[in-house]
Structure formats: C-alpha cells, structure tokens
Amino acid sequence: MTMVAVLALLTGLAAAVPLLTRSLGRDTGYPLAVGYLIGCGLLASRLPVVLDNGAVAVSARWLPSLDIAFALRLDGLAMVFGLLVLGVGALIMMYCPRYLAPHRPCAALYTLLTLFTVAMLGLVFAADTVLLFLFWELTTVCSFFLIGLASPAAARPATRALLVTAGGGLALLAAVVVMVVELGTSDLTTILAYPDRLLGSPVAWVVGGLLIVAAFTKSAQFPFHFWLPSAMVAITPVSAYLHAATMVKAGIYLLIRFSPIYADQAAWTIVLVLGGLGTAVTGAFLALRQHDLKAMLAYSTVSQLGLLVGVIGVGTPAALAAAVLHTVAHALFKATLFMLVGIIDREAGSRDIRQLSGLRHVMPVTATLTGLAAMSMAGLPPLLGFVSKEAIFDALIKTGVDPWLSPSAEVLAVSASALTFAYGARIVYKTFAGPPRQPDLYEPAWTFLTPAAIAALLSLLLGPAAALLGPLIYQATEDASPGGDPPYVAFWHGFTPALALSALTALSGTALFVARGRVDRLVQTIRLPPAGAVTFDRCYGALLRLGGIVGRPTRYDSPAAHLFRPVLLLVLLGAAGSTALGSMPPWPAAGAATGDWPLLVLLAVALAGLVLARSALAAVGLLSLVGLMVATWFLLAGAPDVALTLMLVEVLTAVVAMLVLRRLPARLPGAGRQPVSFFAAALAVAAGAVAVAATVGLTGRRELSAPGGYFLQTAEPATGGANVVNVILVEFRAFDTLGEATVLVAVALGLVGLFRTTGRDGATEPGGAGGRGRAGGPAVPDPVLQFAYRLLTPVMLVVSGWLFLRGHDEPGGGFVAALVAGIAAGLGQLAYAGRPPTAPGRLRPRPLLAAGLLTCLGIGLSALLAGEPFLTPSPGLKLSVLGFSVSPVTFFDLGVYLMVLGLITAAVRRLGASVPSDTAVPSDTPVPTAEAEVRAP
C-alpha cells in the first residue's frame with residue numbers, strides 16, 4: 001500500500017493547498033516540500049524489497065467486464081523515477097516561496113504542481129496500460145494549465161504543447177487498444193513478460209510505431225521538438241520541474257519500459273538511435289544560437305532527451321543502465337541550472353547574456369553552483385554527468401545492429417556533446433566572467449539558493465561515489481531488461497574507448513569555445529527552414545479557417561437556418577426508408593385509443609396557435625402547453641417517469657423563458673412582417689408526415705429486446721428497487737450516469753465563469769435590478785410572484801425531498817427531485833429580479849457541484865475499498881428512513897441531485913443577473929473570423 005499512501009498523501013496536499021495559501025501565502029511551498037520528502041521516505045522504505053529483486057504491487061478491481069484493474073507496481077525502474085519526481089519536486093517547492101512575488105496568488109500554481117506530481121507518479125507506478133494512459137494524459141492536462149498560468153501571452157504556447165502532446169496521447173491510446181484487442185489483456189507485467197506474443201502478431205510494428213510517436217511528442221524529439229522551447233513562457237519553477245523530472249521524462253520512461261519487447265529489432269534500434277541522436281545535435285546547435293538563458297536550457301533539454309532516446313535505442317542492459325543513470329544526472333544539473341537562471345533573472349532583471357557580465361564578483365555562490373551544473377551537463381569530471389556521459393559513449397560503441405550504425409552514433413553523440421560543452425561554457429563565461437556591469441547586485445538569501453545548492457552538491461558528490469547508485473541502477477536495468485549482464489557503475493573504468501570519446505568531446509568543445517566569436521557569427525548566419533512552431537501555427541490557423549468555412553452556414557440568428565438541414569435530412573431519410581417499410585410484413589392493426597383523440601385535437605390547436613403567435617409571452621405559454629399535453633399523453637401510455645420528467649422540464653423551461661423575455665421586446669422579432677415561406681411550410685408538412693409514417697410503421701413490430709427483458713426481470717431481485725428506470729441509471733449504468741453528470745458540472749462551471757461579466761456569482765447591481773426590462777430599463781421585483789415564491793417554495797422543497805427518497809421504488813429520483821428544487825430557485829430569481837432573500841434562490845452553484853461530484857466519486861471509491869468494482873454498492877447496506885429505503889445508491893443519487901441542482905442554479909442566476917449597458921454588443925458588430933483568432937496575441 002506504499003504507492004497508494006504516497007498518491008493519497010499528495011492528493012491530500014493538493015486539496016489542502018487553498019487552505020494553506022490563505023494563512024501561509026507563497027510560503028505554502030515549505031509544508032508541501034515536507035510532504036514530498038515524506039513521500040520520498042515512504043518509497044525509500046521499500047528500497048530493500050526492491051533491491052532484493054522484488055516488486056511491491058497492489059491491485060484493485062476497476063473495470064472487471066474489460067479485465068482492467070487499478071494496478072500499481074513499484075520495481076527498480078519505477079523507484080528511480082519516483083524518487084526523482086518526489087526529490088526534485090521537494091526542491092522546486094522549497095524554491096517557489098522565494099521566487100514568487102509576495103502578494104501573487106499562488107494557490108492554483110501549488111495545486112497544479114502537486115497534481116502534476118500525482119500524475120507523473122501514477123504514470124511510473126501504473127501496472128496496467130489503460131491506467132498508464134490515463135496518467136499520461138493527466139500530465140498533459142496539468143502541463144497545459146501550468147504553462148498557460150504564466151500570462152495571457154502564454155495561451156498560444158500552452159495550446160501548442162497541449163495539441164502536440166495530446167496527439168501523442170492519442171497514439172498511445174491506439175497502441176493500448178491494439179495491444180488489448182490482440183493480446184486479450186491490459187496488464188503491463190504480462191505484456192512485457194511475454195514479448196514474443198506481441199512480436200509474433202501482425203500488429204507488432206503498428207504498436208511499436210505508435211509508442212515511438214507517443215514518446216517523441218512527449219519528450220520533444222524531432223520533428224515534435226518545437227513545443228518545448230516555446231513552453232518557456234511558463235514561470236521558472238514550472239520550467240524546472242517540467243524539464244528535470246516530469247512531463248518530458250514520461251517519454252523516456254515509456255521507451256525504457258517497452259524496450260524488452262523491441263530492443264532486438266533493427267527497425268526500432270535504427271529509428272531511436274538516429275532519431276534521438278539527430279535531435280541531440282539539432283537541439284545543441286539551436287541552443288548555441290540563443291541569447292536567452294532559459295531558451296538555451298530549453299534547447300539543451302531537447303538535446304539531452306535526444307541523447308537518452310538514442311542510447312535507449314541500443315537496447316542492451318548497459319545502454320539502458322546508461323540511460324537511467326543519465327536521467328538522474330540530467331535531473332540534477334537541469335534543475336540546478338533552471339533554478340539559478342531564475343535567481344539571475346530575479347536579481348539582475350535580465351536573462352539575456354548580452355546584457356550580463358561579471359556576476360561572479362557580486363554573486364560568487366551563484367557563479368560556483370552554475371559552474372558545477374554546467375560541468376556536469378558538459379560531462380566533465382568529477383561530476384555525475386561525466387560518469388553518465390561516459391556510460392552512454394560506451395553503450396553506443398557497442399551498437400551491434402548494423403556495422404555502420406555504431407560509427408554514425410558515435411559521431412552524432414560526440415558532436416552533440418561537443419556543442420553541449422560549448423554552450424555550457426558560453427553560459428558560464430558570458431554571465432559571470434568579465435567586468436561587472438551591475439555592481440550594486442548582491443547574493444540572494446540562502447533560502448533562495450539552498451534548493452539549487454542541494455542539487456548541485458548531489459551531482460558533485462555522486463560523481464566519485466557513483467558506485468553507491470550501482471545497486472539501484474542495476475535493479476532498474478534488470479526490471480527493464482531481465483536476464484542481461486549487470487551493468488558496472490563506477491567513477492573510473494580505466495583508459496577505455498569511451499574515455500577517449502569523452503576527451504575528444506572536451507577538446508572539441510574547448511575549441512568551439514575558444515573560437516566563440518567566429519562560431520557565434522557562423523551559427524547566426526546559417527539560414528534555417530521555418531521553425532516547427534511557425535509551421536504548426538500555420539497549420540493550426542488553416543484548420544481554424546477551414547472550420548470557419550464549414551461552420552459558416554450555421555452562423556445565423558434565425559432558427560430556420562439551423563433547422564433547415566436536419567429537417568431536410570429527415571425528409572430524405574424518410575423517403576429512402578419508405579421502400580424498406582413497404583417490404584416489411586403488414587403492421588399490426590393498431591390505432592389511437594379513444595382517449596387519445598381529444599389530446600390530438602388540443603395538441604393540433606395549440607401547435608397552430610404557436611405557429612401564428614405574434615406575442616413572445618403567448619408563444620412561451622403555448623409551447624409549455626404543448627409540452628404538458630405530450631407529458632399527459634406519456635402518462636396515459638403508462639410511462640409516469642417520462643411524463644413527470646417532461647412536465648417538470650416544461651415548467652422549468654417556462655421559468656427560464658420568462659427570465660430571458662425580460663430582456664426582449666414584447667413581440668417576437670419580425671413577427672407579422674415576414675411572409676410565410678411556401679417552401680418552409682411544405683418542408684414542415686413533409687417532416688411531419690415522415691414522423692407519422694415512421695411511428696405507425698415501426699410501432700409494434702419488435703418484441704421486447706433482450707437487454708430490456710433482462711432489466712425488467714432482474715432489476716428488483718438484484719437491487720431491491722422497483723423503479724426500473726431509476727435502478728438502471730444509478731446502479732446498472734451508474735458509470736454512464738457519472739460521466740453525463742460530470743459533463744453537466746463542466747457546463748455549469750462555464751456558466752459560473754460567465755458570472756464575471758455581471759458581478760460576483762451573478763450578484764445584481766445596487767438597487768436590486770436583476771435584469772433589463774422590455775423597454776431596456778431594469779426589471780423590477782414582482783409582489784405577486786414574491787408571494788407565490790414564499791408560499792410555494794416550502795411545498796416544492798418538501799415535494800423535492802419526497803420524490804428523491806421514493807425514487808428507487810416509485811417514479812422520482814435525484815434528477816426529477818433536482819428539477820423541482822431548480823424550479824423553486826428559478827421562481828425566486830423571477831420574483832425578486834435577482835437573488836432572493838431565502839434559499840433555494842441563494843444557493844451557490846460551485847459548492848453544490850463540488851459536493852455532488854465528490855459524493856458520487858466517494859461512493860465509487862468506497863466500493864473499491866470494499867474489494868468491489870468501482871460504483872458497485874453493496875446491496876446489504878440498507879436503512880429505513882421515514883418509510884423509505886436508504887442505501888449507498890441513495891447517496892449516489894444524492895450526488896446526481898446536487899450536480900443537477902448546481903447546473904440549474906448556475907443557469908437561472910446567470911439569466912437573472914443584470915447586464916450592464918456598457919457591456920452590450922451592438923447588433924452590427926462583426927463576428928471575429930477564425931483568421932483573426934489565429935493572429936490574436
């Protein structure tokens with residue numbers, strides 16, 4: 001349960017962030033860092049078990065019908081990545097309080113960073129491919145919000161990162177689906193334990209290609225590398241965490257994890273080695289062209305990730321050990337460099353090396369730490385980067401797929417490393433050497449420097465003591481590629497070809513640095529093709545313009561323009577289906593019952609009046625009358641649940657329509673002035689005829705379906721509920737209901753976001769005006785409706801509770817009960833022209849939505865804790881309250897009730913809020929085009 005405890009700890013910390021920031025502000029990072037260190041301690045406590053060639057595993061039933069489990073596994077590889085995520089995360093959390101401005105809102109930042117950690121840990125712990133994909137996409141979403149949180153200008157880079165990495169996520173999803181269909185299991189341990197099953201199938205290379213695409217997009221490999229440097233608009237702590245230990249390392253982890261299957265395949269090796277090392281050279285060259293320190297480090301990350309991908313492609317145990325070791329080294333020196341660049345930016349006010357000089361005179365500690373991290377990045381002894389770089393060279397020398405591949409890999413790796421040496425030296429020299437230009441600077445506080453100092457000193461100490469990492473690196477390699485020779489991790493291997501390549505790298509890098517003037521002029525004069533970001537933005541803009549063209553026919557105010565195509569399609573389908581109906585056996589003799597004819601006559605009269613109505617109020621009234629008559633028809637047909645729901649929807653629609661009509665003229669726009677279109681009338685009649693023919697032709701032709709018969713026969717014996725409709729919604733298909741309710745929550749939160757246009761949570765302007773009247777003035781409270789509200793609200797709330805409690809056995813349930821309470825809230829908005837003085841009109845949408853969603857999730861998780869599948873409540877837990885049966889299903893229905901009520905409350909408060917005259921949009925204001933949206937900053 002260690003992994004569950006760590007994930008639960010961090011999830012709890014994320015939930016506690018809003019409370020912590022209220023009292024601690026930016027210093028919230030310190031207790032969060034302590035929580036991260038506790039998580040490290042929990043993982044480290046299982047280190048003896050892992051090093052003994054054992055793995056800690058936990059599994060719970062999740063989707064048993066698909067044989068998918070919520071399975072976690074802690075082996076050597078997961079331990080390395082888990083400790084990196086938590087250890088670097090603790091340093092970042094210690095760094096944030098001094099980096100952030102004193103009064104900057106930081107709750108969202110800390111919450112997202114903590115959830116980012118949860119997502120990354122879940123990814124490396126996942127022992128099921130479906131679960132791995134879920135956490136993979138969660139890292140994408142968290143990174144999108146973290147990047148976009150920086151400033152309005154970060155919207156475009158955040159979108160770019162989201163679309164590229166989410167596209168890779170779709171590739172991973174496709175790979176997971178193909179593997180599950182082909183192998184019959186989603187268990188990652190089983191898939192990796194029997195690689196021949198996948199390699200022997202015809203989809204082996206489809207899966208391999210999809211995995212490479214997923215990893216290349218996530219780890220910013222060419223041609224998907226462009227999103228990572230543009231993501232540098234994020235604040236420095238986010239950039240440091242994203243580059244050092246999360247997000248981009250997910251692709252590295254995925255390739256290492258699946259290496260046992262494809263490591264011996266020539267195509268896999270060639271693509272990864274050449275693609276990764278080509279990216280390494282490209283990233284290092286582009287880093288050498290930069291003047292901004294963060295941009296240099298961004299392209300440096302692209303280069304280092306390429307080096308990792310290239311050595312993973314070799315696939316031998318020694319190569320995978322080198323990849324794991326360099327992952328650790330990269331996390332330490334890259335976290336150090338990013339944090340120190342943030343310090344320089346804060347103290348000197350610039351990250352441009354052309355404006356920085358001589359900072360070593362005023363910031364000697366910062367200069368020393370930066371030099372150590374740059375030496376590790378360049379692969380110089382005695383830093384850990386030297387040990388890992390030498391291990392990479394040694395692995396590349398032994399690439400044995402094709403004779404030409406090893407020399408090519410060595411040339412590319414040495415070239416990339418020499419360029420890395422050059423820009424690393426450039427960072428240190430341009431920033432800290434020379435005369436000081438800003439002599440009034442001083443060393444920042446030790447609380448600001450300590451996180452970077454810890455990472456730099458670890459890199460320094462672990463170089464000579466690299467053997468201490470040997471057991472863990474060996475176990476990680478053994479778990480990634482079982483059965484190979486154990487890698488030898490040490491600081492000194494003697495005079496070897498790898499050492500010669502390291503020396504060649506240092507000499508080449510030194511030569512590039514000595515000739516830095518000519519090198520700088522040369523790299524700046526080389527003309528490059530359009531950057532990937534430019535190409536991506538052009539394609540994105542073209543896609544938006546295409547969407548604008550496709551959607552142009554629907555951009556009309558008139559409902560006729562929207563209804564024309566679906567109604568015409570209905571008529572055409574009816575005409576095409578008439579042949580099929582004609583070939584069917586004669587339908588049973590059936591007709592309308594005697595009691596149906598009066599309803600049909602009244603319905604026809606109401607529809608005719610609705611078509612001819614010129615008053616908006618009359619149209620609303622007739623429309624509601626039509627709905628109520630249809631509800632009555634359902635009731636006569638024996639469908640009380642449907643009739644009750646439809647009736648309440650019609651009443652709520654009428655209330656909402658009255659809120660809208662307060663802002664509209666008394667007469668319908670264009671009523672009485674536009675001639676009746678013969679074509680429109682003919683199309684309406686044809687559509688009606690098709691609907692009648694389909695109803696008559698299809699009614700009574702089919703026996704009760706097998707699922708319908710199953711539900712009718714087993715609903716009450718299996719669940720104890722006599723209301724089959726409610727039982728299906730909250731028990732048999734509870735997961736579907738939860739998904740649909742979650743969509744309602746998203747819609748409601750969007751409505752809550754619109755409240756900002758009218759004041760906090762839709763509050764009205766002083767004076768009580770809750771809307772604008774038909775003449776353009778403010779709406780005024782209605783005494784008659786206020787009396788009705790005070791009289792009827794208690795009754796409606798009692799009826800709402802009664803319908804809720806009886807829903808499992810009789811017509812009712814959470815959805816219907818929420819409609820009744822929502823009608824009361826809408827009536828309050830209508831009566832008081834704003835927020836009524838009493839509940840339910842004063843209910844706040846967000847607490848309702850949060851409580852409802854958490855209640856449903858809590859019921860589902862309680863089933864997991866009891867050893868049952870998600871959302872499978874125990875039928876034995878039942879109580880009797882006021883004569884009604886109450887069980888865990890009742891609480892799930894309560895969650896649905898709260899979410900639906902939250903949505904209705906958000907809608908009626910938004911519609912009941914005042915609309916300031918200065919925010920009105922003139923009718924002749926042009927709609928922004930897709931091209932304008934693309935060009936917007």
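This is a dialogue on reading a few features of a predicted model.

Colleague: Where do I start: how many helices and strands does the protein have?

Modeller: The secondary structure of this predicted model comes to 37 helices and four strands. The protein has 937 residues, and 49% of them count as buried.

Colleague: What share of the contacts between residues at least 6 apart in sequence joins residues at least 24 apart?

Modeller: In this protein that share is 80%. As for the surface, the protein exposes about 41,400 Å², and carbon and sulfur atoms supply 70% of it.

Colleague: Take one residue. Where is alanine 416 placed, and is alanine 416 buried or exposed?

Modeller: Alanine 416 sits in helix α19, which covers residues 405-432. Buried means under 20% relative accessible area. Alanine 416 counts as buried because its relative accessibility is 3%.

Colleague: Which residues is alanine 416 in contact with, leaving aside its neighbours within four places in sequence?

Modeller: Those contacts are Ala280, Val281, Ala284 and Ser303. Phenylalanine 285 gives a C-alpha comparison: 131 residues separate phenylalanine 285 from alanine 416 in sequence, while the C-alpha to C-alpha distance is 7.8 Å.

Colleague: Now a helix as a whole. How far does α28 reach from its first C-alpha to its last?

Modeller: Helix α28, residues 640-661, has 22 residues and reaches 31 Å, close to the 32 Å expected at 1.5 Å a residue.

Colleague: Which residues of α28 are buried?

Modeller: Start with the general idea. An α-helix has 3.6 residues a turn, so residues three or four places apart point the same way. In α28 the buried residues are Asp641, Ala643, Leu644, Leu648, Glu650, Leu652, Val655, Ala657, Leu659 and Leu661.

Colleague: Which parts of the chain does the pair of aspartate 292 and arginine 351 link?

Modeller: Aspartate 292 forms a salt bridge with arginine 351, with the closest N and O atoms 3.2 Å apart. The pair links distant parts of the chain, 59 residues apart: aspartate 292 is in the loop between α14 and α15, and arginine 351 is in the loop between α16 and α17. Aspartate 292 counts as partly exposed at 25% relative accessibility, and arginine 351 is also partly exposed, at 23%.

Colleague: Is aspartate 352 buried or exposed?

Modeller: Aspartate 352 is buried, with a relative accessible area of 16%. Its salt bridge is with arginine 354, the closest N and O atoms being 2.9 Å apart. Arginine 354 is exposed, at 51%.

Colleague: What is the partner of aspartate 394?

Modeller: Aspartate 394 forms a salt bridge with lysine 398, and their closest N and O atoms are 3.4 Å apart. Aspartate 394 is partly exposed at 27%, whereas lysine 398 is exposed at 55%.

Colleague: Which residues are linked in a network of salt bridges?

Modeller: Arg73, Asp75 and Arg257 are linked in such a network.

Colleague: Last, the cysteines. How many disulfides does a search of the whole structure find?

Modeller: The search finds zero disulfides.

Conventions: Residues numbered from 1 in each chain as written. Predicted model: local features only at pLDDT ≥ 70, side-chain atom pairs only at ≥ 80, totals over all residues. Heavy atoms only, no water. Helix = DSSP H or I, 4+ residues; strand = E, 2+ residues; numbered from the N terminus. Buried < 20%, exposed > 50% of the residue type's maximum accessible area, 1.4 Å probe, protein only. Contact = heavy atoms within 4.5 Å. Areas by Shrake-Rupley, 256 points an atom, 1.4 Å probe, with all protein chains shown as cover. Disulfide = S-S within 2.5 Å. Expected span 1.5 Å × (residues − 1). Salt bridge = Lys/Arg side-chain N within 4 Å of Asp/Glu carboxyl O.
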